[in-house]
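The stops below go through it one selection at a time.

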Amino acid sequence: MDIASACLVGCKCRYDGEAREDKRVKQMYERGELRAVCPEQLAGLRAPRCPSEIAGGDGNDVLEGRARVAARDGGELTRQFIEGAQKTLEIALACGARRAYLKSKSPSCGCGRIYDGTFSGKLRNGDGVAAALLKKHGIEVVEI
Ligand code: SF4
């Protein structure tokens, strides 16, 4: 079974306490084809919460210790984001997932483009922490 960002199937787990439901992903979930996961909630972060972005790189850089995850209020969340990514990977491997449908631009789930760490709405190239770790283990990430 593949996995998907929980906010895409209607879970109100985003930093703003809302979901970003995607019709196609929700339909796959309702057909029992997907397991929903939220890396940030798996790390114990609650919704709503202060928004966070990767500073100084992307998810690969966070995993390699070259960048950090910071909340807008200045809080340090690097450890939690790595933990959430690792738990997401464990679930994906346990499900035998070959593909992950992940929410775009997120510092956890983003694929290809993420917010640039300045909290200004600007994007940079790169993956979120969970997306990067899934890709490292051969799981195809589909940006939604
Ligand atoms: S971490 Fe991923 S699943 Fe959780 S709210 Fe953010 S984008 Fe959605």
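A residue counts as buried here when its relative accessible area is under 20%. Keep in mind that the model is predicted.

Begin with residues 78–95, which form helix 4. Show the side chains of Thr78, Gln80, Phe81, Gly84, Ala85, Thr88, Leu89, Ile91 and Ala92: these residues of helix 4 are buried. Step on to Gly96, which follows helix 4 and has a positive phi, near 70°.

Select its 4 strands, which form an open sheet in the order 2-1-5-8 with parallel pairing. Strand 2 (34–37) and strand 8 (140–143) are at the edges, and each has a single partner strand, so one side of each lacks a neighbour in the sheet. From one strand to the next, the twist averages 25°.

Zoom in on strand 5, residues 99–102, and strand 8: the two run parallel and are joined by 4 bridges. Within this pair, Leu102 is opposite Glu143 of strand 8.

Bring helix 4 back into view with the sheet. Helix 4 packs on the sheet, where it touches strand 1 and strand 2, and its direction makes about 170° with that of strand 2.

Finally, select residues 23–30, helix 1. Helix 1 lies across strand 1 (2–5), strand 2 and strand 5, and runs at about 115° to strand 2.

Definitions and conventions. Residues are numbered from 1 along each chain as its sequence is written. This is a predicted model: local features need pLDDT of at least 70, side-chain atom pairs count only at pLDDT 80 or more; totals for chains, interfaces and linings use all residues. Side-chain values use heavy atoms; hydrogens and water are left out. The expected span of a helix is 1.5 Å times one less than its number of residues. Buried means under 20% relative accessible area, exposed over 50%, partly exposed in between (1.4 Å probe, protein chains only). Two strands pair if DSSP finds at least two bridges between them. Axes are lines fitted to C-alpha atoms, for helices over the stretch in contact, and angles run from 0 to 180 degrees between N-to-C directions. Contact means heavy atoms within 4.5 Å.
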